[in-house]
Each structure stands twice: as C-alpha cells, then as structure tokens.
Amino acid sequence: MKKIIKTIAIASLFISTAASAATGWQIEKDVIASPKITQGDETMVSSFEKENGQLVFSVIMVSKDKKNTVGKEMLEVDAPIMVNGKLIKMKVEAIGKMKSYNPKTEQGTQYILNEFKTKDGVVIENTTYLTNNFNQAFKKLK
C-alpha cells in the first residue's frame, strides 16, 4: 500500500507539472520522469526512482473517461506489456482511473533502463517516450 500511495503522489505531481517533450526528462527529489503524453482520454508518464537502494520503473496512466475505472478498491494483477517490441512481465496496480505498471523482475527493469539509455525513443504499448536528456537526468538520480 505504501508503494501505491507513493505512485499516486508521483502521478499527480508529474501529470500536473511534467515538462514538455522539448525539455525532456525532469528530476524531482529521488524520481525522474518523462514529459507527460496525452493520447485520447489518457495521460501517461514514465518514471524511474530509487526505493530502498533499488531502481524502480513505472508507467503511470490516468484516464479521463468515467467508464474507464476499476473502482475505489485497489486492484493488483500481472500483465505483460510490449516495450520496444519485447514482452515484459509487469505488475499492475490500479485504483479509480489510474494504473501503474512496474516490471516484475530486475531483468525487466534493466532491459527498460537500457532502452532508455541507448535509444532515441522507447515504445511502450504504442506510446513513444522520447529520451531527450534521459542520461543526464538519470545521472542525477544516482
């Protein structure tokens, strides 16, 4: 539950104040986040953070569609998602209209990190996250 509360805080912070794609990744305390992306009725942000010395990657999606809700109780499920053409096993935590996706394995996190470090963009479930200044922001996270 502590993690979902932190995820909600990250989501609200970056969805309301995330930088434009032109300025690239932003750092806030111990979290770096991509510029927010809006497609249709969903707003998305990806982030890396340090939690208890471990790197945690998240994709957070918030829907404006009143029909796209899981209710007031937190729902946790496992679901694979595509990251640059590779299927990554993820844990999904959802509450209300917000979903947070986190890799289930360290290998999944490291694969995603390498994609952000070495590519111009990372495609996660048909959404491209640009990597403008990702490496500079990530160095500050360490």
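A residue is called buried under 20% relative accessible area, exposed over 50%, and partly exposed in between, with a 1.4 Å probe and protein chains only. This is a predicted model, in which local features need pLDDT of at least 70 and side-chain atom pairs count only at pLDDT 80 or more, whereas totals for chains, interfaces and linings use all residues. Residues are numbered from 1 along each chain as its sequence is written, and side-chain values use heavy atoms, with hydrogens and water left out.

Q: Why is Ser 100 called buried?
A: Ser 100 has a relative accessibility of 0%, and the label requires a value under 20%, so Ser 100 counts as buried. Ser 100 lies in strand β8, where strands are DSSP runs of E with at least two residues and helices are runs of H or I with at least four, both numbered from the N terminus.

Q: Which residue 41 positions away along the chain has its C-alpha atom 5.7 Å from that of Ser 100?
A: That residue is Val 59.

Q: What makes the pair Asn 102 and Ser 100 a polar contact?
A: A polar contact is a pair of N or O atoms within 3.5 Å; within protein, one must be able to donate a hydrogen and the other to accept it, and residues adjacent in sequence count only if both atoms are side-chain atoms. The side chains of Asn 102 and Ser 100 make such a contact at 3.4 Å. Asn 102 is also found in strand β8, residues 98-103, and because its relative accessibility is 5%, Asn 102 counts as buried.

Q: Where is Thr 43, and which side chain does it contact?
A: Thr 43 is placed in strand β4, and a polar contact of 3.4 Å joins its side chain to that of Thr 38. With a relative accessibility of 7%, Thr 43 counts as buried.

Q: Is Asn 52 buried or exposed, and how do you know?
A: The relative accessible area of Asn 52 is 78%, and the cut-off for exposed is over 50%, so Asn 52 is exposed. Asn 52 is in the loop between β4 (42-51) and β5 (54-63).

Q: What makes the phi of Asn 52 worth noting?
A: The phi of Asn 52 is near 55 degrees, a positive value in a residue other than glycine. Most residues other than glycine have a negative phi. Asn 133 also carries a positive phi, near 50 degrees, and lies in the loop between β10 (127-130) and α3 (134-141).

Q: Why is Asn 133 called partly exposed?
A: Its relative accessibility is 30%, and the label covers values between the buried limit and the exposed limit, so Asn 133 counts as partly exposed.

Q: Why is the pair Trp 25 and Phe 134 called edge-to-face?
A: Rings of Phe, Tyr and Trp (its six-membered ring) pair if their centres lie within 6.5 Å, and planes under 30 degrees apart count as stacked, over 60 as edge-to-face and the rest as tilted. The search of the whole structure finds ten aromatic pairs. The centres of Trp 25 and Phe 134 are 4.9 Å apart and their planes stand at 80 degrees, so the pair is edge-to-face. The pair links distant parts of the chain, 109 residues apart, with Trp 25 in the loop between α1 and β1 (26-28) and Phe 134 in helix α3.

Q: How do you know that the span of α2 is close to the expected value?
A: The expected span of a helix is 1.5 Å times one less than its number of residues. Helix α2 has 13 residues and reaches 18 Å from its first C-alpha to its last, close to the 18 Å expected. Its buried residues include Tyr 111, Leu 113 and Phe 116.

Q: Where in the chain is confidence lowest, and where is it highest?
A: pLDDT is the predictor's confidence in each residue, from 0 to 100. The mean is lowest in helix α1 (residues 2-17), at 50, and highest in helix α2 (residues 106-118), at 97. The chain averages 83, and 77% of the residues score at least 70.
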